[in-house]
Amino acid sequence: MKNILIIGGSSGIGKYLAENLSAEHHIIATYRNHEIKNENIKSYQLDVTKDYLDLDLPEVLDGVVYCPGNISLKPFTRFSPEDFLKDYELQFLGAVKILQYAMPNLKKSANASVVLFSSVAAQKGFAFHSLVAPHKAALEGFTKAMAAEYAPKIRFNCIAPSLTQTNLSAGILSNEEKIKKMGELNPMKRVGQPQDIGDFASYLLSDKASWITGQIFHIDGGSSVI
């Protein structure tokens, strides 16, 4: 049984991951607004952009997953510099803060794994993604640097999905017509689902992925290459 910390475990991919892993592992998960009501999950309310970290972590931590994100799509000139700073605090600095806090516990694991989330937009240009793309790209560079620094003790990998049906994408996928229309743009003719991403994240956290580190995985229905 592993001890795994999931930041943002109350919705979307984080929720799917927390609920599925809790059947076999000890899961500590955080939420910001929506309380986690699962007796198999130890949960804490946390806003990574504001709160002082005071999580009761196990002495040995085998995995960390950082899920918080934001999808704000507007023309570049409608974003302020403050918008970029706020998003950077959530998407990138939040992950840094969590990992610095959890690092002493991760170092005590025999095979620790960290999973971060980027986006297909970090490497493939999309209009109106000027806020999203640079901070996800920062996470990809961070993943590789951390993998180099902490190998072979701690593995770092990053998943870069395309459009996935979660709370974050509710504004884009607000009805069945939009879901179908956006799905048609993907080579696999559908949008992603939390389990598409969550199942692969579970694999990266497992011992079966013990020789995988420093990678950016495009779980995106082929949209990054087709």
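How many disulfides does the count come to? In this predicted model, the count comes to zero disulfides.

**View 1. Cys67 and the cysteine sulfur closest to its own, in Cys158.** A disulfide is a covalent bond between the sulfur atoms of two cysteines. Here the closest cysteine sulfur to that of Cys67 belongs to Cys158, and because the separation is 11 Å, it is too far for a bond. For a pair to count, the sulfur atoms would have to be within 2.5 Å. Cys67 is a buried residue, with a relative accessible area of 16%.

**View 2. Cys158, a buried cysteine.** Seen from this side of the pair, the closest cysteine sulfur is the one in Cys67, 11 Å away and so too far for a bond. The relative accessible area of Cys158 is 0%.

**View 3. Asn38 in the loop between two strands.** Is Asn38 buried or partly exposed? Its relative accessibility is 22%, so Asn38 counts as partly exposed.

**View 4. The contacts of Asn38.** Leaving aside residues up to four places away in sequence, Asn38 touches Glu19 and Ser22. A polar atom of the Asn38 side chain also lies 2.9 Å from the backbone nitrogen of Asn40.

**View 5. Asn38 and Phe79 together.** These two residues are 41 residues apart along the chain, and 38 Å separates their C-alpha atoms.

Terms used. Residues are numbered from 1 along each chain as its sequence is written. This is a predicted model: local features need pLDDT of at least 70, side-chain atom pairs count only at pLDDT 80 or more; totals for chains, interfaces and linings use all residues. Side-chain values use heavy atoms; hydrogens and water are left out. Buried means under 20% relative accessible area, exposed over 50%, partly exposed in between (1.4 Å probe, protein chains only). Helices (H or I, at least four residues) and strands (E, at least two) are DSSP runs, numbered from the N terminus. Contact means heavy atoms within 4.5 Å. A polar contact is a pair of N or O atoms within 3.5 Å; within protein, one must be able to donate a hydrogen and the other to accept it, and residues adjacent in sequence count only if both atoms are side-chain atoms.
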